[in-house]
Structures are given as structure tokens and as C-alpha cells.
Amino acid sequence: MQKERKLIIAGNWKMNKTVAEALDLVQGLKRELGAVKEIDIVVCPPFTALGEVSKQILDSNIRLGAQNMSEQNEGAYTGEVSAGMLKEFSVRFVILGHSERRQYQNESDALVCKKTLAAHAASLKPIVCVGETLQEREGGKMEEVLGQQLRGSLAGLTKEQIADTIIAYEPVWAIGTGRNATPQQAQQAHAFLRKTLAEQFDGAVAKRVRIQYGGSVKPGNAREIMCQPDVDGALVGGASLEVRGFSDIVKNSI
Ligand code: PGA
């Protein structure tokens, strides 16, 4: 399909896949998607599988992402992983501020912002997630919540950095529920996010930022969602755990 910005489709494997399972999946993806040039393809395995997956995709069009990182560079932060450590495995992207981390790990916009700056300092491309809950949407607060999350998570970035940041609009009510946003709902939220970026940075740079949609993306709904003018890709959870699901989402979106 004709798009203003190149589509980027990322698979967020979450806390799934042993190393052996991850290798199976990535080998299948290489077979199915090895020839795709039209779309940027990213896989985000758990930390424990990054090393092996990295070796598998070294000579391919598939890029590697992580699901989180510390805002600190090194030191006494038990259980944390730094940007520099991710780079050892040729990680290029990192998902930050996913709603599951905001919810279960209490990550705030301020923390997500520190991580976003740390990612850029290490030349990793952050995928910064924002999204409203059902209660917020039904209470007429969608724009307020999205605006606050976006501004808070990106405070202090330069224009160059924002152009190299990917935003993922992930309505919390659509994640893992099978209830995706309609293409119109996605477009409306994405247009609002782009307008907010234009206000926060400038219009020219806002036009360059890729905004992914995430939340129950499947082979059957991917194309109509990504056809929308302000939707520039997808962040896929459940359907990215199988070769067929993820490769059909990519192929259906070409
Ligand atoms: P889902 O998850 O595709 O399973 O809804 C998306 C995400 O959380 O990134």
C-alpha cells in the first residue's frame, strides 16, 4: 500500500518463548519474511533469548528490539538491564512505557522519559507506548490522557531525537482482548497524537514520526487499520507468537 512513512511492524513477544522456542519462531519468520523490503520488521523477544535470536537474524532484514531497559547506565540496580548491554546483542529498538509496565511496575511518564533519553543517548530507537483505559475513553478523557502521556514521556527530546522515536498507540482496552480499535478510532487517536507532537516539537518533524497501532492486531484486521493515513505500522502481541500470524500480518500490509 502507498504510505507517507514506511510501515514498521514489531512483534512484542512479552514473557513468552524459551530460547529453543524463540529460535523456532525466528527461523520461520526468516523463511516467510526474508524477502520483504517494503516494511521494517522488528522482533522483541524476552532478554534471555536476545543473544540467540540476534545471531539468527544477523544477515536478514529482521531487526531486533527489547521490551524494556533501565534508565541507568550501570551500577547497583539489581535485576535491571542497560542500553549498553542491549547493544552488545545488536538490539536496535526498545519498547518503553508499555501499559503492562505502567500498570504492574508503576512506571510513570517521568521514568519513561528518562528511559527514552537514555535509549537515544545509546543510539537505540525507542518505541514509546501510550494509551487510554476503557474507563478513560468512556469518561471522555482520551485526549487528555494521551496528551499527558505523550508530553510527559517525550519531555526534553530534541527534534532529531523525536524524528527517530516511534510512538505506539495502544488503547489498554484493546490489548490482548480480541477487541481491536476500529480503523476510524485508531486514525482519530493517531491524528490527535501527531497534532500534539506538532505542538510540542514542530509540524515538519511531527510528519516524520511513525506511529504504530497496537491492540489485538490480527491478519484479518491489519490491512484496514494500517491503511489509515496516520497509522504507520503495528505493535503486535499475541499474534506475533506464531510464524503464520505475524508473517500474514506483514504480508497483508504490503
Ligand atoms: P496484543 O498485544 O496484540 O496481544 O493485543 C499488543 C501489545 O501489548 O503490544
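Begin by selecting I167, which touches V128, V130, L150, L154, L193, L197, V209, R210, I211 and Q212, leaving out residues up to four places away in sequence. The model on display is predicted. I167 belongs to the largest nonpolar core, a set of 67 residues, and together with L197 has the most contacts inside it. Apart from that core lies another, of 11 residues; to find it, select I8, F93, I166 and L235, which are among its members. As general background, nonpolar side chains tend to be buried together in soluble globular proteins.

**Helix α1 against helix α2**

Next, display helix α1, residues 19-33, with helix α2, residues 47-56; their axes come within 9 Å and cross at roughly 30°. The two helices are therefore roughly parallel to each other, and α1 passes α2 in a right-handed crossing. To view the contact itself, select V19, A22, L23, V26, Q27 and K30 in α1, which meet T48, A49, E52, V53 and Q56 in α2. Coloured by class, this contact of α1 with α2 shows six nonpolar, three polar and two charged residues. For reading such a pattern, recall that an α-helix has 3.6 residues a turn, so residues three or four places apart point the same way.

**Helix α1 against helix α12**

The axes of α1 and α12 come within 9 Å and cross at roughly 30°. The crossing of α1 and α12 is right-handed. On the α1 side, select L25, G28, L29, E32 and L33; these meet V243, R244, F246, S247, V250 and K251 in α12. The contact of α1 with α12 divides into six nonpolar, two polar and three charged residues.

**Inside α12**

Which residues of α12 are buried? Select G245, F246, S247, D248, I249 and V250 to display them. The elements that cover the buried residues of α12 include β1 (8-12), α1, β2 (40-44), α11 (222-226) and β8 (233-236).

Now centre on S247, placed in helix α12, which spans residues 243-252. S247 is buried, with a relative accessible area of 0%. Not counting residues up to four places away in sequence, S247 touches L29, E32 and L33.

**Across to α10**

Move to V205 in helix α10, residues 203-208. V205 is buried, with a relative accessible area of 5%. Setting aside neighbours within four places in sequence, V205 is in contact with K159, I162 and A163.

**Two backbone stops**

Finish with the backbone torsions. In general, most residues other than glycine have a negative phi. Select K14 in the loop between β1 and α1. K14 has a positive phi of about 50° although it is not a glycine. Then select N106, in the loop between α4 (99-104) and α5 (109-121). Phi of N106 is also positive, near 55°, in a residue other than glycine. Is N106 buried or exposed? N106 is exposed, with a relative accessible area of 66%.

Note on methods: Residues numbered from 1 in each chain as written. Predicted model: local features only at pLDDT ≥ 70, side-chain atom pairs only at ≥ 80, totals over all residues. Heavy atoms only, no water. Helix = DSSP H or I, 4+ residues; strand = E, 2+ residues; numbered from the N terminus. Buried < 20%, exposed > 50% of the residue type's maximum accessible area, 1.4 Å probe, protein only. Contact = heavy atoms within 4.5 Å. Axes fitted to C-alpha atoms, helices over the stretch in contact; angles between N-to-C directions. Parallel < 35°, antiparallel > 145°, perpendicular 65-115°, else oblique. Left-handed = near helix turned anticlockwise from the far one by under 90°. Nonpolar A, V, L, I, M, F, W, Y, C, P; charged D, E, K, R; others polar. Core = buried A, V, L, I, M, F, W, Y, C linked by side-chain atoms within 4.5 Å.
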